[in-house]
Amino acid sequence: MILIGYFLIGQYASNNVSPPGHLAKVAVLRFKNLSPDPEQQFFADGISEDLITDLTKVADVPVVSSTSSFAYRQADLSIAQIAEKLGARYVIEGSVRRHAKALRISVKLVDANSDSQLWAGRFDGSSDDVFAFQDQITSKVTSALQVILTPSEQKVVFDRGTRNVDAYDAFLRGMRLLSSRQAMDIDGNAKAIQAFKEALTHDPDYPQAYAGIGWAQWLSYSSISEFAQGKQEVVFANAKKSLELGNNALAHRVLSRKYFASVTHVQTEKEPGRALSELDLAIALEPNNPDILADRADVLPFVGKSKQALDEILRAIKLNPDHPDWYFRPYGIALLLNGQFEKAANILGPWITQNKIAYDTHQAWHIAALSLAGRRKEAKELTAQHLNNMWFEGPKTMYAFQKIWPPPIKERDLVRRGLRDAGFPAGSNLD
């Protein structure tokens, strides 16, 4: 369809731009919904989230996660103040007006250091033009930042999985439902799955919709309902179907759970190397996605790469300073296995308490950190509680802990020493 109009509002300020490289971050604020229908906020959110996703696919553009940047949309702060809080130099803000078939998207890119507008654009047309508008916005933003997309980056960035607007609309609603869901949100999860299935009625070959279903199912089965009776195979079948239709990071994230899951009540295969391979494929597609970096940090200690795990989670936290609390799990474990015992205990303790984890093997990591930090009294008190509450069958020993979540030998010996000093019985199969 021919675009009704594209109007350039600003000019490139080439004298004021320096390439961001890996030093200056970009923050995309939640786009304002200027539509008469307040329910169209999901569409405005989707446009801004998709821009973030586009930028995560570009190696030279570190972009703040929406988890962090969206928190400041309604804040009574200047662009410079928001940029300072997020550790970003460049800030993108925008608005979306959608009424019937008419669509207007306005976007502005600001250099917070110099308080100068690098580029601004307004895109007027039909809802059917949304994909063309998104491609242009991403191209204009990267160009204004003096970033040249490689051919492989162009291929990944501009592959949106569908060109069906109704399918895209339903997919955005599904992702918004998942991102705003609370823990144990059965209704939100079910509605998200329904939205993804609706997307498939409009485009049966939409890879991301299958990946969305798999991700929503994983979130449900790993935190809401019992992960049993072959349900995990449904999750991974959707991920595989998604990848058959088109390569995408979300499907690789889902499939990684088939081989490794740090949720200990979920019975998946214990092949962390294969899980890491899936996450490597995901990060190749979205090199600056903090959630994938945190996923990798979750797995790396179990293939003997604890130092890399710490580097990955610190990078993830830098990109997502207001990160979800599950980041504390790989952060605490990586700190522990890198010898930062006190800091590991101080990270894992509040996270476990806040999440009311009384009997999970995460407690054992916390106990080991306390013990190795020299806080033996606290460690022994927690050990007594932990051993009385352990939910799984079998001997209440370090062997039982290691059988469920076995790190490599070097790290295992460290954790074993901490647990033994905290009062864990050794068990006959310890070695």
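I began with the axes of helix 6 and helix 7 (residues 186-202) in this predicted model, and I noted that these axes come within 8 Å and cross at roughly 165°. Because angles over 145 degrees count as roughly antiparallel, I wrote down that helix 6 and helix 7 are roughly antiparallel to each other. I also looked up the handedness, and helix 6 passes helix 7 in a left-handed crossing. Among the residues that make the contact, I listed Ala-167, Ala-170, Phe-171 and Gly-174 of helix 6, and Gly-188, Ala-192, Ala-195 and Phe-196 of helix 7.

Next I turned to helix 6 by itself. Helix 6 covers residues 165-180, and its 16 residues reach 22 Å from the first C-alpha to the last, close to the 22 Å expected. At its start, I found a side-chain oxygen of Asn-164 within 3.0 Å of the backbone nitrogen of Asp-166. Which residues of helix 6 are buried? My list includes Val-165, Tyr-168, Asp-169, Arg-176 and Leu-178.

Arg-98 is found in strand 4 (residues 88-99). Is Arg-98 buried or exposed? Its relative accessible area is 11%, and since buried means under 20%, I recorded Arg-98 as buried. The side chains of Arg-98 and Ser-127 are joined by a polar contact of 3.4 Å.

Terms used:
Residues are numbered from 1 along each chain as its sequence is written. This is a predicted model: local features need pLDDT of at least 70, side-chain atom pairs count only at pLDDT 80 or more; totals for chains, interfaces and linings use all residues. Side-chain values use heavy atoms; hydrogens and water are left out. Helices (H or I, at least four residues) and strands (E, at least two) are DSSP runs, numbered from the N terminus. The expected span of a helix is 1.5 Å times one less than its number of residues. Buried means under 20% relative accessible area, exposed over 50%, partly exposed in between (1.4 Å probe, protein chains only). A polar contact is a pair of N or O atoms within 3.5 Å; within protein, one must be able to donate a hydrogen and the other to accept it, and residues adjacent in sequence count only if both atoms are side-chain atoms. Axes are lines fitted to C-alpha atoms, for helices over the stretch in contact, and angles run from 0 to 180 degrees between N-to-C directions. Angles under 35 degrees count as roughly parallel, over 145 as roughly antiparallel, 65 to 115 as roughly perpendicular and the rest as oblique. A crossing is left-handed if the near helix is turned anticlockwise from the far one by less than a right angle, and right-handed if clockwise. Contact means heavy atoms within 4.5 Å.
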